[in-house]
Amino acid sequence: MKKIFTIAACLAFGAGSAMAQETFPRNGVYDERPGLVALTNATIHTDYKTTLNNATLVIRNGKVEAVGTNVKVPAGAVVVDAKGKHIYPGFVDMYSSYGLPEVKRAQRNWGSPPQMESNKQGAYNWNQAIRPETNAVELFKADKKQAEELRKQGFGTVLAIHQDGIARGTAALVTLADKRENEVIVLDKAAAALSFDKGSSAQDYPSSLMGSIALLRQTYLDAKWNAQNPGREQNISLKTFTDASRFPQIFEADDKLGVLRADKVGDEFKTQYIIKTKGDEYQMLKEVKATNAPLIVSVNYPDAYNVEDPYDARRVPLEAMKHWEMAASNAGLLQKAGITFAFTASDLKDKKDFLPNVRKAINYGLSEEEALKALTATPAKLLNAENLVGSLSEGKLANFIVTSGNLFANDNLILENWVQGDRYKITEVPSDYRGVYTLKIGNNTSKKLKIAGTPDKPELSVIGTDTVKGKISFSGNLVTLSFTDSKKSNETIRLSGWLADKNLQGEGQLPDASAVKWSATFSEAMTQQDKKDSAKKAELVEVGQMIYPFRAYGQAELPKQETILIKNATVWTNEKDGKLENTDVLLKNGKIAKVGKNLSESGAKVIDGTGKHVTPGIIDEHSHIALNAVNEGSQSVTAEVRMADVVNSDDINIYRQLAGGVTTSQLLHGSANPVGGQSAIIKLRWGKSPQDLMVDGADGFIKFALGENVKQSNRSNASERFPQSRMGVEQTYVDAFTRAKEYEQAWKSYNKLSKKQQAKAGTPRRDLELETLVEILNGKRFITCHSYVQSEINMMMKVADQMGFKVNTFTHILEGYKVADKMKEHGAGGSTFSDWWAYKMEVKDAIPQNAGIMHNLGVVTAINSDDAEMARRLNQEAAKSVKYAGVSEEDALKMVTLNPAKLLHLDDRMGSLKAGKDADVVLWNNHPLSIYARPEKTFVDGVAYFDAERDAQLQQDMEKERMRLIQKMLTAKAGGAKTQNPTIKKASVMHCEDVEHHEEESYLAY
Amino acid sequence: MKIQKRYISAFAALLLSTAAFAQVPAPAVKQSKPVLLKGATLHVGNGTVVENAAVGFENGKITYAGPQSGANLSGYEVVDVTGQHIYPGLIQPNSSLGLNEIESVRATIDWREVGDFNPNVRSVVAYNTDSDIIPTVRANGVLMTQLTPIGGTVAGSSSVVQLDAWNWEDAVVKADEGIHLNWPAMLIPTGNKEYDDRLNRMKDRREETLRELGQLLSDAAVFKAAKNGTENLKLSAMAGLFDGSKKLYIHTNYGKEIIESVNFVKQHGVKDIVIVGAGDALAVADFLKANNIPVIYSGVHALPSRAEEDVWQPYKTPYLLHKAGIQFALDYDLSIHGTRNLPFIAGTAAAFGLDKEQALSSVTLNTAKILGIDKQAGSVEVGKDATIVVSSGDLLDMRTNNVTHAFIAGRKVDLNDKQLYLYKKFDGKYKDQKKQQPAGATTSTGK
């Protein structure tokens, strides 16, 4: 029996240390104690890499006074013999909401009237999601229950962040001691916090992710402007935003893409965020590493799925299966990549999972040293609180845990957690009673007891003529046993007793109700085999392959750029040579090297194109794939939002469209407002990061929109948001561009001033919305304008004339045929649907000859999709212009290749097969305008991102991988792992009119 | 420029007609004399192809369909369609064409009634023969449709109509031929505890709906026999389900729902069942075959429902249904105006494995069989209605689809439509502008 601690279990509230209590009057006599304790004979891990054996830790008044192997126990110290125990610095969780009020998300219905302005009264920011004036220290209330929960996992200190809004204000570093707030707050402002989540704000703007990003950008500029021009506007929010910039900046990201997005904004404003992640960073390790951001990593691992029903198991996507297997590898992979990270328990529904999950990370490849560092030194360092927490040395807070053995061993127990010198007992000392005992009940000595299991969960078996399992429990030095006489018997013998040295003895009751005396004499210790079993260390777990992107049709190795020679095909050059029979195309270094007859190239991979067709890659002028959001429709002008901020490189539709021959897409903002956001133009380089999808050096474009969507006429209620008619739409533009001109003028005037005059005049405010409109006025950004009826098309061109800019492209433009002459005169192109009409009032006069008429009048005409499905057969949509309007086949093909390239100002690089242009090329099995045609290979930059043969192989591999994971999940479930039901996550396919992208969990089974 | 010529001649015809600017042409008059189309490739609709064929019809019925060499030309007005293709008129099942003009305008919507159980509601009486959309659909070869009510659990009764009529009575091919049941969706937990309450409420509602449906079917099955003198419109409307005179179209996609729904209605004595939508039909192919249930598959031009699926899964499904031995037809369900793309749905199926003639059957004869009108429609065979399309090229490929003639029960359909009218109107404007400009002049470039 080893009852090692001799002092009372838990110190009373407030006693022991006396920091920061001095101002409070007392009721009764003063009871200040020195709080002087010496823990001796312990294995002390003073920091993540230093271990002292047989060492002493002396604490006084809540702080460490001394630690080491030669430390003398000071006179008057309470001595705690910690022989055989380990002491570690208390953990630090730098992403916590401990002690702070719950954040309630704004509940607003679709029909609710718009909330254009902030509901917060006072001299604060215009936008309610910007709340840097929040100081967590002012909201903080120590919470015994939460504190206990966290202490049980080994935490001593947490960073309390009020997780509400985009700019969240400052966070406080607090300990988990059950003391008055005045004592537990160790740093009132330790960090500032940010996110892209508007939290409790019910204000309309921002309604989308790219709106949140734009708002944060503008806030940085506004704060700077406000600081540089004191007195121009009293704004507590902007002032506190600037004040908070001196603290570490902690950014909460939604996922791996969120990490990249946050870091990008940080870079723009020369701020390195510390980024809180969801634990999926391993899926984009290279990109995450390149951010240089320290991470705060969640150890929230998904449960296995119930996959017994093969039909329902289909619902579990590959990435969910793989993440189930690999989530615990995240930390180890981060370590290997050399990324600095701290752990947080914040995402765990059940905080009890924290330490077991950290241990799991170790089984999956994380080193113990790195794990301890992520729990102690790293968060302390990131918070500039190394002088307080994260290690044990003189002057630090007396925050430490006492454990039964190596912290990361599976059977280790945290026995005590000391916070600011206060001792909290976590686990009763589990003495080790395991062994074999000779049992004597009354005079009967025919049975033996075997106590196995672990010290805290002993397991009993009673060995007689047969062996039965029984129940045993210890409470202090009391013991209770129960078991049946034999396997067949269902009558239970119950014994109660106490410990006497190594033996047990007491009284009990037999099934026949007779009382009996009993004893169990210790005869031998646990066998070596039993010891091995219970102390068995899990072996390093093997997991499946990483794939890019991390989902269906992802690949371990991305296809490479090759030198390709396609021989003897029908080649649609889109150049003056037109369509060439029996012709070869050579792709080299990502470019089209040659088009001609009888080409040869040593080292080239030769593809027989006999009977096949080669065309330039299809370019979709109007697409909403690969985006996490589409519409920031909350204000009528949102020129400041950028689709490039929300590109989702994991979207399966990238791959599906490659399979339809698409190589380049313009990702447009939606059509909810007259001036939408800035486009992103991407190449479909499946498997690459959002940044790598961008077409380098492409001109900037922006979405405008007219008609029913912007005037919200198909909503059930009339709104107060201006405009609600085509009349108002015109005025919205005139007003916006008038303001833009004034804005430009203000800056021009300012820039002409001398330094002195400038100082006197004050800097004009930078406004990202107006800046974007100025770009349009200066011919540096180009418009794609969603439009349907002739009146509004005409109006838009007249506003452009009046304001001095051009409309580059009218998109949809279903009544373009009515004003094609005017479009031609203005110089606008048209990008239209082939045959859509009649689904709403403004398209009742649409005709499938529209593209043909515009084309015949000399308008650069494209056919677009606005739909992820139709985009896979844009070649067929182009063919309809031949059918309905008699356009030539070559011109029809140009409507989905060269013409959209022209509209995007990319025709010097794409859209035709000409030496020197990008090797964006499709090999078709049939005439490319025929319904029977399908791509066999789609090249982007000379890389075969789609290959029909490889596609078949990928499907097989994917199915095998799923089967492997399903089997593994079934095994895990059989072994007692927690499980969850497969659910359906439906990623909605987005169109112009969609408000926000939601990956929705659906109740519906199909 | 064959195509342009057709438009020009069509336009000339428009100008000559007294209703020159009518956007919905007048329905064709009854066939007055026997007509024989000769020289074309005949696609019968049942898988057979006859090269160099002739098709004759009189009084609206087909009198000859076979090799031109075997045709007796006497008495026929012979139309030479050499080099062209003859097909049965295409049939669009499961459709709102003519029940709704503009989807965003509520006043034009007539496909949904309030209430959960409306078997007595009849779609045919709301059919608008003067819809601007209908002529554009005919122009691509679709000549019949099934007017299908949607909404609620039992949505109402459908009828099959032809697409060239003065009024809905004229249009009827088969009235009130089936009842449409929207199978209540099975519900699964989302894994999100917050929603459990809502889920449970929805589950309760589903059970209640199924209980009511069961009661309705039980009552309807015996209603005729009971003869208690009190009429019940709902029960009367359903009587045909139990003697096989009416079909029950069950709209569902999920495999387990397919099995559940079929077993449910069979237990209540429903004889003739069709599954509509049928997204998961392949997963329950053996069940469908064992129960002899045909399907109307809706989702060809769709994205796969899961990222893991074959990129082309929806395009390949018709072929796979065929291979699995399931009787099926295809519909176009993405929009009403898009019904004119029905031939290309079949074309897509042909591009992804289905034989071209089988693909044709899936929008003609198979559909006719499933709708129970194959005695009169769905193929070009003697004795059937002369509901026929002639195209100068492959009808199923937009590259070659070019309908030159269409007949509905022998009546020669006017292939003009509102869109052609608008095309000519504005094309004419620009041509006039060009004439007024001296050759070589360019339009002003503005500023």
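How many Å separate the centres of domain 2 of chain A and domain 3 of chain A, taken over C-alpha atoms? I get 53 Å. The bounds come from an automatic or database domain assignment, which gives domain 1 as 1-90 + 390-430, domain 2 as 92-105 + 122-354 and domain 3 as 435-529.

Ground rules before going on. This is a predicted model, where local features need pLDDT of at least 70 and side-chain atom pairs count only at pLDDT 80 or more, while totals for chains, interfaces and linings use all residues. Residues are numbered from 1 along each chain as its sequence is written, and chains are lettered from A and ligands numbered from 1 in the order in which they are written.

**Chain B, overall.** I find twelve helices and 16 strands in chain B (DSSP runs numbered from the N terminus, helices being H or I with at least four residues and strands E with at least two). Its radius of gyration, over C-alpha atoms, is 24 Å, close to the 22 Å from the globule rule for 447 residues, so chain B is as compact as a globular protein of that length. The rule is 2.2 Å times the number of residues to the power 0.38. I noted that 52% of the 447 residues count as buried (20 or more other C-beta atoms within 10 Å of the residue's own; exposed is 12 or fewer, partly exposed in between; C-beta atoms placed from the backbone).

**Strand E8 of chain B.** I looked at E8(B), residues 154-162, and nine of its nine residues are buried. E7(B), residues 142-147, pairs with E8(B) in the antiparallel sense over four bridges (pairing takes at least two DSSP bridges). Thr145(B) has Val161(B) as its bridge partner there. The two strands make a hairpin with six residues between them, and Gly151(B) in the turn has a positive phi of about 110 degrees. E8(B) is also joined to E9(B), residues 172-182, by six antiparallel bridges, with Gly156(B) opposite His180(B).

**Where A meets B.** I count 57 residues from chain A and 57 residues from chain B in the contact (C-beta atoms, placed from the backbone, within 7 Å). On the chain A side, the elements giving two or more residues are H15 (652-658), H21 (820-826), H23 (874-885) and H26 (948-974).

**Asn981(A).** I found Asn981(A) in the loop between strands E43 (979-980) and E44 (984-987) of chain A. Asn981(A) counts as partly exposed because it has 16 C-beta neighbours inside 10 Å. Its C-alpha is 8.0 Å from that of Val307(A), 674 residues apart along the chain.

Conventions: Two residues are in contact if their C-beta atoms, placed from the backbone, lie within 7 Å.
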